[in-house]
Amino acid sequence: MLPPTTDQEPGGGREPVRFLVFSASLRTNSLNARLARLAAVSIEAHGGTADLASMSDFAAPSYDQDEQAEGGFPSSIEVFRRRLEASDAFVIASPEYNGSMPGVLKNAIDWVSRYKPQPFNTRHGLLLSASPSMVGGNRGLWALRVPLEHLGARLSPDMFSLAQAHQALDEAGQIESAPLRERFENNIAAFMDLVEAAKHYPCVKRAWFEFLGEYPTTPEVARVE
Ligand SMILES: Cc1cc2nc3c(=O)[nH]c(=O)nc-3n(C[C@H](O)[C@H](O)[C@H](O)COP(=O)(O)O)c2cc1C
């Protein structure tokens, strides 16, 4: 059950928070792109700033460590990094492909994970999905949590999966069912509250961890750092 949000008035009293929002589908009439657009509109309505991107902005050749060593990063990945770092948090609406995430998304995550500092580390994220299936692509989001949490992203436990999405969205691109629409809005607003609190009202004392081993300097060890 989602907690009641503190932002009942659209835009009321919120400190500045900026979100990178994108769909992980390259398809022209993507259901997930429509869901991502709804999320961006909702973020703006609740007083945040949304940078709505498309997966094609971040699509890159398959990750190859030799290519990175010789040629550096593709320009699309530079853009992904820049737009992630310009945001306090990210929202991904991802299709489910064979019970997992689309390869184009995993590839972009792999590329961007090679930057130091690594941009997903401690960045808050919310995962959404849309699928014509009865479970809305939710299994794919569980798979997507693995690399993102591995990279230190602070993922909201409240994911939103739109089942039978080909019928659930009306002509105007809105979620047709009123209770479902309300749940979606509450989900977005609750996530925004969390990001706002983390950015503007930090109150948790940070723990200090001392690394007692040898600092990893060889390329083999640095790769798994
Ligand atoms: C390669 C491939 C694998 C798919 N696997 C799944 C799946 O595991 N679960 C599911 O619900 N839908 C699956 N689908 C159907 C997608 O959910 C559907 O095509 C959806 O519309 C894709 O999202 P999009 O509209 O944002 O492009 C798959 C589609 C493709 C092309």
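Guide: Start with a definition: buried means under 20% relative accessible area, exposed over 50%, and partly exposed in between (1.4 Å probe, protein chains only). The model is a predicted one, where local features need pLDDT of at least 70, side-chain atom pairs count only at pLDDT 80 or more, and totals for chains, interfaces and linings use all residues. Residues are numbered from 1 along each chain as its sequence is written, and side-chain values use heavy atoms, with hydrogens and water left out.

Visitor: Is R37 buried or exposed?
Guide: R37 is exposed, because its relative accessible area is 54%. R37 lies in helix α1, residues 31-45. Helices (H or I, at least four residues) and strands (E, at least two) are DSSP runs, numbered from the N terminus.

Visitor: And H46, buried or exposed?
Guide: H46 counts as buried, since its relative accessibility is 12%. H46 is in the loop between α1 and β2 (49-54).

Visitor: What does the side chain of H46 join up with?
Guide: The side chain of E185, through a polar contact of 3.1 Å. A polar contact is a pair of N or O atoms within 3.5 Å; within protein, one must be able to donate a hydrogen and the other to accept it, and residues adjacent in sequence count only if both atoms are side-chain atoms.

Visitor: New topic. How many salt bridges are there in the whole structure?
Guide: A search finds nine. A salt bridge is a side-chain nitrogen of Lys or Arg within 4 Å of a carboxyl oxygen of Asp or Glu.

Visitor: Which residue does E196 meet in a salt bridge?
Guide: R14, at 2.9 Å from N to O. This pair links distant parts of the chain: E196 is in helix α8 (residues 178-200) and R14 in the segment before β1 (18-23), 182 residues apart.

Visitor: Why is E196 called buried?
Guide: Because the relative accessible area of E196 is 8%. R14 is buried as well, at 12%.

Visitor: What about K199, which residue does it bridge to?
Guide: K199 forms a salt bridge with D88, and their closest N and O atoms are 3.2 Å apart. K199 lies in helix α8 and D88 in the loop between α4 (75-85) and β3 (89-93), so the pair ties together parts 111 residues apart in sequence. D88 is partly exposed, with a relative accessible area of 22%.

Visitor: And which residue does E96 meet?
Guide: R139, in a salt bridge of 2.7 Å, N to O. E96 is buried at 17% relative accessible area, whereas R139 is exposed at 52%.
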